[in-house]
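The following questions and answers examine one protein model. Please consult the sequence and the structure alongside them.

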Amino acid sequence: MNIRLSNDEAFVEKRQGLVLLALNLIGAMIYVIAASHGWADPRVHSVTGEPYVWALRVFPIWAVFLLLNLVWSAFAVAHRQWRGGIWGLATIPIWLVAVVIDFAHH
């Protein structure tokens, strides 16, 4: 069954995908900023609670965006909106870059 989207539907789907991508980009930046508070200072040998500070700031951000992306992906699969799924996959490199930046400072 080949269902073609009208121009209006395709525009709305593309706009929603761009919004999802923009939200994830903003979320990744918030994540890096929040995670930076738990980065160890190389000038000081500390055994304080940096990992706990990091986790308390980072896990809520991860949870919100994981839930957002899972709901988006489930909606795309349930409604067979494969282009919407592609936008969801495009968020993966954003989060990978954010995690690499964060872990490079641990």
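Q: With which residues is I101 in contact, leaving aside its neighbours within four places in sequence?
A: The model is predicted; local features need pLDDT of at least 70, side-chain atom pairs count only at pLDDT 80 or more, and totals for chains, interfaces and linings use all residues. Residues are numbered from 1 along each chain as its sequence is written, and side-chain values use heavy atoms, with hydrogens and water left out. Contact means heavy atoms within 4.5 Å. By that criterion, and with neighbours within four places set aside, the partners of I101 are V32 and W39.

Q: Is I101 buried, partly exposed or exposed?
A: I101 is found in helix α4, where helices (H or I, at least four residues) and strands (E, at least two) are DSSP runs numbered from the N terminus. Buried means under 20% relative accessible area, exposed over 50%, and partly exposed in between (1.4 Å probe, protein chains only). Because its relative accessibility is 35%, I101 counts as partly exposed.

Q: How many Å apart in space are I101 and A35, C-alpha to C-alpha?
A: In sequence, I101 and A35 are 66 residues apart. In space, their C-alpha to C-alpha distance is 9.8 Å.

Q: Which residues does V99 touch, not counting residues up to four places away in sequence?
A: V99 is also found in helix α4, and its relative accessible area of 25% makes V99 partly exposed. Not counting residues up to four places away, V99 touches Y31 and W62.

Q: Why is N69 classed as buried?
A: N69 lies in helix α2, which spans residues 50-78. The residue is classed as buried because its relative accessible area is 14%.

Q: With which side chain does the side chain of N69 make a polar contact?
A: A polar contact is a pair of N or O atoms within 3.5 Å; within protein, one must be able to donate a hydrogen and the other to accept it, and residues adjacent in sequence count only if both atoms are side-chain atoms. Not counting residues up to four places away in sequence, N69 touches L20, N24, T91 and W95. The polar contact of the N69 side chain, at 2.9 Å, is with the side chain of N24.

Q: Which residues does L23 touch, not counting residues up to four places away in sequence?
A: L23 lies in helix α1 and is partly exposed, with a relative accessible area of 40%. L23 and T91 are 68 residues apart in sequence and 9.5 Å apart in space, C-alpha to C-alpha. Not counting residues up to four places away, L23 touches F65 and L68.

Q: Which residues form a nonpolar patch on the surface?
A: Patches are made of residues with over 30% relative accessible area and no salt bridge: like charges are joined within 9 Å, nonpolar side chains (Val, Leu, Ile, Met, Phe, Trp, Tyr) within 5 Å. A salt bridge is a side-chain nitrogen of Lys or Arg within 4 Å of a carboxyl oxygen of Asp or Glu. I30, in helix α1 (residues 7-36), is partly exposed at a relative accessible area of 44%. With about 370 Å² of accessible area together, the patch consists of L25, I26, M29 and I30.

Q: Where in the chain is confidence highest?
A: pLDDT is the predictor's confidence in each residue, from 0 to 100, and its mean for the chain is 83, with 82% of residues reaching 70 or more. Confidence is lowest in helix α3 (residues 82-89), at a mean of 76. At 94, confidence is highest in helix α4 (residues 91-103).

Q: What pattern does the chain follow along the sequence?
A: The secondary structure comes to four helices and zero strands. Read along the sequence, the pattern is α-α-α-α.

Definitions and conventions: Areas by Shrake-Rupley, 256 points an atom, 1.4 Å probe, with all protein chains shown as cover.
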